[in-house]
Amino acid sequence: MAPQQEQTSPEEELLPGPVPDADSPARRGAARRAARPNRWAAVLRRNRVLLVVAAAAVVSLVAGLLLGRFAFGATAEDTVPEPGLVTAPVQLEALSNDVTLRGEVAYSDSVEVRIDASAFSGPAVVTGRVPAVGDPLAGLSIALEVAGRPVIVLPGALPAYRTLQVGVSGPDVVQFKEALRAVGLDGGNPENDVFDARAAAAVTALYDEAGYPAPAPPEGAAEGVRAAQEAVRGAEQALAAARADLQGARGGAGAVAVREADNAVNSARRELDAARAEEPLDPNRVADLQDALGLAELRRAQLDAPADTTAQRAAVTGAEQQLNDARTGLATAREQALPNLPAGEVLYLADLPRRVDAVTATRGSVLEGPAMTVSGATLQVTGSAAEANARLLAVGGEAFLDLPGGDRHRAVIATLAPGEGDSARWTVGLTPDPLTPEQVTELQGSNLRVSVPVGATQGPVLAVPLAALSAGSGGENRVEVVDGDPRDGEDAETRLVVVETGLAAEGAVEVRPLEGELSEGDLVVVGR
């Protein structure tokens, strides 16, 4: 077999001189140089479409520039506008200067409600009504039912801390009377801080309104009333007997006793007369008969004299005192039997109505800890403002809320509270006008933009940009009105109008012409 001849590449054939080894640096460099045209050809083949599009775009751009230049005879310098006046039209609009702040939306004055369960004789089991989140609580509402007894809502800030019963006094009694008056019931004069029979009687009326029986009197109170009534009856009978005795003593002797005394006197006189007529006269007998007549006359005279009723009068006085004591005991027993107001059956809440935010009590469970959380029934918006802005505001002032949907909703400034320190921000509380339930749900917990107008024009006024104002030699304010074409620059026809300025807001200022004419739509110079 003939020896195999070594194959050479065309590139190698073109190389002068001896062919280097395949692993030599010269051979590798020659291979890389020979491969470069092949790689560029591959790139051109893969991006052929892209290159064609790019080339077409370049050709179109060049053609457009040439066509514009030669067809219209314009140069780049020709497209630059000549310098002119910078103008703005006079507007007819209502201006308003606002203080803007952010406000957090939430129900106000959230508090935890705790029921005093110490007054219940057994476990404080929730047996009846349990409010739902969102329920309102107003005066005479039933907040909860525990052990079959209601927890009645009344207006007040002082929590119930003891049972109110006849005889106690203090600020809680005053609050109770004021609360009853607020819900249309009469518990007595609030200036009297004593829980008296009138206040106790009002407890029955309170429970009638709530639809529950009044609290039962203390154990043994009914028996005490009956015993006191018996004591009064016995004292009344004793007094009647003592008065009868006194009346009898004051009446003197009866007709029979008087007749008997008269007969005794007459008989003694006849005997004395007969003894004096006897012969011989017996002096001793006459003397005895004279003594007997004197005694009879004395007895008769005693029947006409007033009787001594000292003992009878003392008996009557004692019986009257016993009756008074018995009646006082009956009144006390009856007061002790009057209804009282247990601390666990009343819930005082300020700023009624309220809204239930959360409920922890459940029917059938033993009441422990807070039963629920309540807040104000209306949404409150709370924001803050720098002192300089806050001093422009006033309680009762009008504000506007930017609702999520883009609408503006009116509100009223309810509170303004200064911050602490010179740089502290003021707290601004706002009460929105009535909202729909959907709006309430949407807004609760959100953050809104609040605008508070602190100055406004009385309807639409002529207004120009602040940059349009200039000062005259006398310090007067004026605007330059363009009557010609503002593109004429300094050659444009203009005139100066002296104006009086008014409210400035959002870069515009109210103007009233004093010298010259100024109308809506006129162009005023704001720059050159």
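This is a predicted model: local features need pLDDT of at least 70, side-chain atom pairs count only at pLDDT 80 or more; totals for chains, interfaces and linings use all residues.

User: Of the contacts between residues at least 6 apart in sequence, what share joins residues at least 24 apart?
Analyst: Contact here means heavy atoms within 4.5 Å. Taking the contacts between residues at least 6 apart in sequence, the share that joins residues at least 24 apart is 66%.

User: On to helix H6. How far does H6 reach from its first C-alpha to its last?
Analyst: H6 covers residues 221-250, which makes 30 residues. At 1.5 Å a residue, the expected span is 44 Å. The model comes out close to that, with a reach of 44 Å.

User: Is Ala240 buried, partly exposed or exposed?
Analyst: Ala240 lies in helix H6, and its C-alpha is separated by 8.3 Å from that of Val316, 76 residues along the chain. Buried needs under 20% relative accessible area and exposed needs over 50%. Ala240 has 45% relative accessibility, so it counts as partly exposed.

User: Now the pockets. Which strand gives the largest share of the lining of the largest pocket?
Analyst: The largest pocket has a volume of about 250 Å³. Its lining has 18 residues, and Arg114, Pro159, Leu347, Tyr348 and Leu349 lie nearest the centre. Strands S4 (111-113) and S8 (346-349) each supply at least two lining residues. The largest share, 4 residues, comes from S8.

User: And by class, how many residues of that lining are charged?
Analyst: In the lining of the largest pocket, 12 residues are nonpolar and 1 is polar. The charged ones number 5.

User: What about the second largest pocket: how many charged residues does its lining have?
Analyst: That pocket has a volume of about 210 Å³. Its lining includes Phe120, Arg149, Thr163, Asn340 and Glu345. By class, 5 lining residues are nonpolar and 4 are polar, and the charged count is 2.

User: What is the volume of the largest cavity?
Analyst: The structure holds 1 cavity of 30 Å³ or more. Among the residues lining the largest cavity are Tyr161, Arg162, Asp172, Leu341 and Tyr348. By class, that lining has 8 nonpolar, no polar and 2 charged residues. The volume of the largest cavity is about 60 Å³.

User: Now some backbone geometry. Which residue is joined to Pro280 by a cis peptide bond?
Analyst: Pro280 is found in the loop between helix H7 (255-277) and helix H8 (283-304). The cis bond has an omega of about -10°, and the partner of Pro280 is Glu279.

User: What is omega for the cis peptide bond between Leu352 and Pro353?
Analyst: Pro353 sits in the loop between S8 and strand S9 (354-359). For the cis bond that joins Leu352 and Pro353, omega is about 0°.

User: Where does Leu140 lie, and is it buried or partly exposed?
Analyst: Leu140 has a positive phi of about 75° although it is not a glycine. Its place is the loop between strand S5 (136-137) and strand S6 (142-146). Buried would take under 20% relative accessible area. Leu140 is at 21% relative accessibility, so it counts as partly exposed.

User: Last one: what is the phi of Ala147?
Analyst: Ala147 is in the loop between S6 and strand S7 (149-155). With 37% relative accessibility, Ala147 counts as partly exposed. Ala147 is not a glycine, yet its phi is positive, at about 55°.

Definitions and conventions:
Residues are numbered from 1 along each chain as its sequence is written. Side-chain values use heavy atoms; hydrogens and water are left out. On a 1 Å grid over the protein atoms alone, a cavity is a set of points where a 1.4 Å probe fits but cannot get out, and a pocket is an open set with protein on both sides within 12 Å along at least five of seven lines; lining residues have an atom within 4 Å of a point. Grid points are joined across faces, edges and corners, and a volume is the space filled by probe spheres set on the points. Ala, Val, Leu, Ile, Met, Phe, Trp, Tyr, Cys and Pro count as nonpolar, Asp, Glu, Lys and Arg as charged, and the others, Gly among them, as polar. The expected span of a helix is 1.5 Å times one less than its number of residues. Buried means under 20% relative accessible area, exposed over 50%, partly exposed in between (1.4 Å probe, protein chains only).
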